[in-house]
Amino acid sequence: MNDSAPSLTTVEARVHGRMLVRTPGVPAPWPLLVGFHGYAETAGDHMDALQTIPGTDQWLLVSVQALHPFYTRTERVVASWMTRDDRDLAVADNIDYVGRVLEHVRARHPVGRTLVFSGFSQGGAMAYRAASTYRADSVIILAADVPPDILERRVVPLPPILLGRGTKDEWYTEAKEAADRAALARIGARVETCVFEGGHEWTDAFRVAASAFLRRSEAP
């Protein structure tokens, strides 16, 4: 009888990711805004949010869906970016996924020089990772903490950051925001904050701040 314990290993596998693309009704080339949804959301949820930011009708909008779908109790299909299992491998997979998204979009759409990433909640970590790997003009973060991996290693310097937090947010608290701002300052990142009345959510106040931030992000 073989009494040895089972060993755990990983195997690289190919999966396909989903994204939504909304082209603007203005002449090209277009600035590009690429967004990442929160836990148990979809690309459609984040696309809906991006379209409510004033001025994004002038941008090519891309909303990327996480690679790990699952059913809710109501049988809605949603997705998650990762869990604690094989975290480093998942981070690498997701960063590669973003690169493939950018390559796909740029090959098919006449985009200009401006690139901005955005992320809500769990998707905020993805926006941070994307902006620390692929050159961008800015990054918009709502209710999301800084992933420790970007504090340790970055391919490119982080661009200017808009960091949003609701005063009633029980998950992304004032203490977390303060810790993130301090950590980002240590690596030389420039952070603009928007603290608004509300919870773990998009609000009109944050949309207005994001709109102004996007205008300042556009390349001349």
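Before I start, a residue is called buried here when its relative accessible area is under 20%, exposed when it is over 50%, and partly exposed in between, using a 1.4 Å probe and protein chains only. By that rule Glu177 is buried, because its relative accessible area is 4%. What you see above is a predicted model, in which local features need pLDDT of at least 70 and side-chain atom pairs count only at pLDDT 80 or more, while totals for chains, interfaces and linings use all residues. Residues are numbered from 1 along each chain as its sequence is written, and side-chain values use heavy atoms, with hydrogens and water left out.

Side chains of opposite charge can pair when their charged atoms come close. The term salt bridge is used for a side-chain nitrogen of Lys or Arg within 4 Å of a carboxyl oxygen of Asp or Glu, and a search of the whole structure finds ten of them. Glu177 forms one with Arg165, where the closest N and O atoms are 2.5 Å apart. This pair links distant parts of the chain, with Glu177 in helix α5 (residues 174-186) and Arg165 in strand β8 (residues 161-166), twelve residues apart. Helices (H or I, at least four residues) and strands (E, at least two) are DSSP runs, numbered from the N terminus. Arg165 is buried, as is Glu177.

Glu177 also meets the side chain of Arg181 in a salt bridge, at 3.0 Å from N to O, and these two residues both lie in helix α5, four residues apart, about one turn of the helix. Arg181 counts as partly exposed because its relative accessibility is 38%.

Now to the sheet. Seven strands form an open sheet in the order β1-β3-β2-β6-β7-β8-β9, with mixed pairing, where two strands pair if DSSP finds at least two bridges between them. β1 (19-22) and β9 stand at the edges, each with a single partner strand, so one side of each is left without a neighbour in the sheet. Within the sheet, β6 and β7 pair in the parallel sense over five bridges, and Phe117 stands opposite Val139 in β7.

Which residues of α6 are buried? They are Phe206, Arg207, Ala209, Ala210, Ser211, Ala212, Phe213, Leu214 and Ser217. What covers them includes β2 (30-36), β6 (111-120), β7 (138-142), β8 and β9 (191-196).

My last stop is Trp81, which lies in the loop between β5 (77-80) and α2 (87-108). Trp81 counts as buried because its relative accessibility is 1%. Taking contact to mean heavy atoms within 4.5 Å, and not counting residues up to four places away in sequence, Trp81 touches Phe36, His37, Val64, Gln65, Ala66, His68, Asn94, Tyr97, Gln122, Gly123 and Met126. Phe36 is 45 residues from Trp81 along the chain, and their C-alpha atoms are separated by 9.2 Å. As for His37, the side chain of Trp81 reaches its backbone oxygen at 3.0 Å; a polar contact is a pair of N or O atoms within 3.5 Å, and within protein one must be able to donate a hydrogen and the other to accept it, with residues adjacent in sequence counting only if both atoms are side-chain atoms.
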